[in-house]
Amino acid sequence: MSRSVMSSQQKLAEKLTILNDRGVGMLTRIYNIKKACGDAKAKPQCLADKNLEAAVKFIVRKFPHVDTRNNSVQLTHLNAQKADIMKNLSLYYCTFVDVMDYKTVNFDLTKHYLDLVVMYVTMMLMLSRIDERKAIVGLYNYAHEMTNGTSDKDFPRLAQLILDYESPLKKLMEEFVPHSKAVTDALLSLQAVYPRRNLSAEQWRAAQLLSLISTPGNMINPTQSDTVLTAYVLTSFMILIKWKIGFLLCHGSLNSDSTALSLWRMALNSSFCVTLFRDEVFQFHKIIEELLLNIKGCSKRATEVRESREYALAHAGPVHRERRRFLRSALLELSTVLADQPGLLGPKALFVFMSLSFTRDEILWLLRHAENIPKAKNYEDYIDKHLAELMFLMEELRALVRRYGQIIQRYHVQYLHSFDAVALNELVQNLSVCPEDESVIMSSFVNTMTSLNVKQVEDGEVFDFRGLRLDWFRLQAYTSISRAALQLREQRDLGRMMNTVVFHTRMVDTLDDMLTDTSDLSTFCFYSRPFEKLFQQCLELPSQARYSVAFPLICAHFMNCTHELCPEERHHIGDRSLSLCNFFLDEMAKQARNLITDICSEQCALSDQLLPKHCAKTISQAVSKKTKKAPPKKGEPEKEKPGVESMRKDRLFSTNLDKLHTALAELCFAINHTPAIVVWEHTFAPREYLALHLEYRFTKAIVGMTMYNQTTQEIAKPSELLTSVKAYMSVLQSIENMVQIDITRVFNNVLLQQTQHMDSHGETTITTLYTNCLEWLASFSVLSNGLIAYSPAMKAFINLPAENELTFNAEEYSDIAEMRALAELLGPYGMKFLNESLMWHISSQVAELKKLVMENMEVLLHMRTSFDKPENMAALFKKLQSVDSVLKRMTIIGVILSFRSLAQDALRDVLAYHIPFLLSSVEDFKDHIPRETDIKVAMSVYELSSAAGLPCEIDPALVLALTSQKGDNLSPEEEYKVACLLMVFVAVALPTLASNPLSQYSPLLEGHVNNIHCLAKAINQIAAALFTIHKGSIEDRLKEFLALASSSLLKIGQETDKMSTRNRESVYLLLDMIVQESPFLTMDLLESCFPYVLLRNAYHAVYKQGPSSA
C-alpha cells in the first residue's frame, strides 16, 4: 500500500487466517495430550512408572520451584532417566510453549474478532483440563536442567501461565477487562444474526423455510440473503452460542445493555453444554453461576443463569426435536426436487447449503447433549430413532452437489460475469469517497469477474478465487479502522454485495470445501459408541433400515478432522474410519443375509409341501370319497392344501413372509444406494459384502439341508435336496430385482465348490457327504445278506422283503430320479469325485484279490492248463483256498460298478438335457475311434467320454486306479501272470455259487438276490482294465475265461447232490450276462463253449419258479 498503515494493521488479514488455522492445530495437539494422559496405555512411560511416582508428586507439589541441586531421595530415580524423560516429554512441552506463544500474539491482533477470542478461550480451557500439565512441564524442565546445566528458556513464562490458569475462566475475565468494549461491540453486532438462527420449528414452517415449491413462480429466481456466509452457511449454531457466552468475558455490559442481556439469555436458554473440541464439552451454566456469585453485584445474573439452566433442561430437547422433524420433511422435499431438476442447484445453491448447515447443527446438538444429559431428566427428548433419515438426506444433498457441480459452476460463473461485476462496478462508481488503493482493489474485483466465461467451465479449467477473497479480507481490515477515509460500516450495500460475491466465488472454486464447512460430521469419529448405537437402532427399525447406508458414508468425513500440525493422529483416525465403515457394511450385509435366509426357509417349507411324499393323504381322501367311506372324525384338523397361503381376504392382512420381504426391500435399498464408498483412499463396495455373505450362507444352507447324520448315515434324498436348493436359488435370484448384484456368480462360486470334496473354507461339501453315504449303501448291499439287491429291471438298489426290515429304503436314494437329482447337484466334477472314490474301493478289493491269487498261484497255474481234464480239475479245486472270499470281493466290485453305472447314466441324462449338442459331439467322437488307434489316445477319448457319463469299453477311471497299485516288487511279467490267474480263479470258483440259497435268480429284479449278477460287470471291466494296463489282449483273456467258466459250470450239471446244485440254473445265467455285458465276447463264442439249450432251459426254469420265489 502506498499510504502509511499502523504496524498493528499490517497484513492483518493474512495473520488472522494463519492464526485461525494454527489455533485449530494447537487445539488438536492439546486434545491428543489430554486423551493420551488419560489413557493408561498411551500415557508417557515416565508418568506411569511406579518408581518415579514419588518424584512426580514432589515436583508437582513444589512446582514451579524445583532445585536440581536438591539431593532428595524422591529425585534420585530421575537422574538415571533424564534422557528418556526429555525424549518422551519434549513434544508435550513444546506444545505448551506454542500455546504460550499463541497467547502472546493473539492479544495484539484479535481484539475485535470473535473467532480468535473463542479459539483462545477454548485453548486455555483445554489446557486447564490436562491434569498432568505440571508434571509434564516440571519433569521436562528438571531433566533439561540436569542435562544442560540450566533451565529451559521458556520454562519461567510457561510455569507462570500454568499457575495463572488454574482457574481459567476467572483469569480470562480479568485479562479481557481492557478489551470488554471491543468484545461487547463485536457481540452486539450479531443481534441481527443470532435470533434468525434460533427460530423454532413453527416459525420455520410458517416462513416456508427451505421450500422450493411453496412459491412456484419464484422457483428459478436466485436466492438472496443479507448475511449469506455468516448467518446461514459457514457459522454453525454452536459457534454462535459460544460467541454469546462470550458476554461472560465482559459481564459488565449485561447490566448496562438490554440487547446484550437479551442475547445472553437466549444463548443460555438454548443449550446446556457446548463443544470445546471434538468430544470435549463445556457444561457452562453451573461454572458461570459459581463465577458470578463471587463477583460483587452479579448475584442477580447468577440467579438468571440458574433459571436458564432449568429452562434449557426442560425445553431445549423438545425444541430441537421439532426442528429435526421439520428438517426431515424439508430435506426430503429439497432432495426430491433437485434430483428431478438438477438445474435448480444453480439458483437455489444457498438453500442447499443452508439446509446442510442447519441439519449438521441439529445432529451435533443431539449428539453432544445425549451424551451429557443430567440425571433425572426426560431422556426421550434426546433419543431420535429417525436421526438416520436426516443423516441420509444430508448425504443425498452432498451427492447431488458433487454430481452436478458443473451446473453450479456454470450458473455462478455467468452470475459473476453478467450481474455481480456490473452491480459492483455501479456501487464503486457511486461511492462518494474512494481512496486510490481501495479503488484499485475493487477495480481488480470487477476485472476478475468480467474476465470469466462459461467456456472455462466446459474446458475443465481450474478456478482459484482465493486471492480475490483475501483482498476483500484486507479491504475490510483497512476500512474498519477509525481513521480510514472509506468507512465500511457506512457502505452497507458494498458489504452485502461483496459477501454475495464471495459466496458466488466459493460456488465456483471450492465446492468441496463448502460441503465440509457446512455438513461435516467428523465429530462422530470421537463418539464411536453412540455412533454404533444409532446404527443398531436404525437396523432394528424396519422403516429406517433404508437409511443405514448413511453411517458408512459418514465414515468418509472422519479424515476432515485431522490437521497438519498433528500428523501422528492421521493413521489412527484413518484406521478408525476404515474399521467402522467395514463394521457397518458387514452388519448391513449380515442383516440382509439373515432376512434372505428366513425368506428362503419359508419358501423351502412351501416347496416341500409339493413333494410327492405329501400327496398320499390327499389321494387317500379322494379315494375315500369315491368309495363313500366314513368321513374323518371331527377332532382331526383338516390339512391345508398348498397354495392356501396366497389367498387373501383383506389386502391389509400381511403374513410373516410379507414382513420379511418389506424389511429386505428397505435394507436392499441401502446396500444398492451407492456402488462404492471411498474412505481414506480405500474403496468399499457394499454389494460385494452382500455377495460374500450370501455365498457363505448359501454354502452353509446347502450342506445343512442334507440333514446328514454321521452316526446313522442318514441323509436327505437328493431329489428333496434339489427341490430345496432350487427354492433357495429362486429367492436369491429375486434379490437381483432389489440389488444390482451378480447372483449367477454367487451360484457358480458356491455350487462349483460343492462339487469338490472340500470348499474354500475347508468345510465338508455335499459331494463328500453323498459320496460317503452312497459308498456305504453300495457296500451294505453286498454285506446285507439278501436285504438289498441291485435290480437291472428297475435301475435301482431295492429293499427285499425280510423279517428284520431296514430303517431306510435303498430305492429312495438310488432310483433314476434320485440319481439324476444327485447328478444335477454334484455336476460332472462331483460325479467324477464320486467315481474316483468308488474306484479307490475297487482298487483295494483288487489288491486283496491279487494276494489271494498269490497264495494259490501254483494250483491256478495247473488248473489253467488242465481245464479239459475233469479229474485233475476236481482234485486241484479242492486245493484252492479262500474261494468264497474271491467271489465275495468280486461281487463287491460288481455292485460298486453297477452303482457307478447308475450314476453315469444319470449324469448322461442330465448333460443331455443341459448341453445336448456338446454331448452328442463327444458321443460321436467316442463311437468313431479307429481300432488301430494308440491306446493312450483312445484312453484320452475314453476319459472325456466317461466325464460326460458315456459308457466306454475300457473304464479310464478304473485303469487309473489300478495303475496306481502297480508295483509290489513284481515284474511286469509277474503282474500280467497274476492278472491272468485272477480270471482263472474267478472262472473256476463260479460253480460254488449254485449251493448258496441266496443265488436264486429273480425275474422281477432281473438279477440274483445276493447280487451275483453284478459279477458280469465286474469280470468284464476288471479284465479290460487289467489287460489294458499290462498290454495284453482283452479279447483273448476273456475267451480263456469263458472257456474255463463254461467247463466248470458244465460239471455241476453232472452233480447228483441237490444241495450243491439247488440254484444251478440261476448260476448258468451268469454266462449269458457276462457275454451280454462284454463288448469283446459274442453269443457265437458262448455257443461254442456252452450249449445254448442249457441257457434256454435255465431261463425257463427260473421264470417258472420266479413268482413263487418273489
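Me: A salt bridge is a side-chain nitrogen of Lys or Arg within 4 Å of a carboxyl oxygen of Asp or Glu. Which residues are linked with K34 in a network of such bridges?

Reply: This is a predicted model, in which local features need pLDDT of at least 70 and side-chain atom pairs count only at pLDDT 80 or more, while totals for chains, interfaces and linings use all residues. Residues are numbered from 1 along each chain as its sequence is written, and side-chain values use heavy atoms, with hydrogens and water left out. Side chains of opposite charge can pair when their charged atoms come close. The network links K34 with K35, R129, D279 and E280.

Me: How many salt bridges does a search of the whole structure find?

Reply: Among them are K153 with D154, at 3.2 Å from N to O, and R1064 with E1065, whose closest N and O atoms are 3.7 Å apart. For the whole structure, the search gives a count of 47.

Me: What separates K590 and E587 along helix α29?

Reply: Helices are DSSP runs of H or I with at least four residues, strands are E runs of at least two, and both are numbered from the N terminus. K590, partly exposed at 29%, forms a salt bridge with E587, with the closest N and O atoms 3.8 Å apart. Both lie in α29 (residues 570-608), and because they are three residues apart, their separation is about one helical turn.

Me: How are α40 and α45 oriented to each other?

Reply: Axes are lines fitted to C-alpha atoms, for helices over the stretch in contact, with angles from 0 to 180 degrees between N-to-C directions. The axes of α40 (residues 883-914) and α45 (residues 1015-1029) come within 7 Å and cross at roughly 90 degrees. Angles under 35 degrees count as roughly parallel, over 145 as roughly antiparallel, 65 to 115 as roughly perpendicular and the rest as oblique. The two helices are therefore roughly perpendicular.

Me: What span does helix α16 reach from its first C-alpha to its last?

Reply: The expected span is 1.5 Å times one less than the number of residues. Helix α16 (residues 258-270) has 13 residues, and its buried residues include L261 and W264. Its reach is close to the expected 18 Å, being 18 Å.

Notes. Buried < 20%, exposed > 50% of the residue type's maximum accessible area, 1.4 Å probe, protein only.
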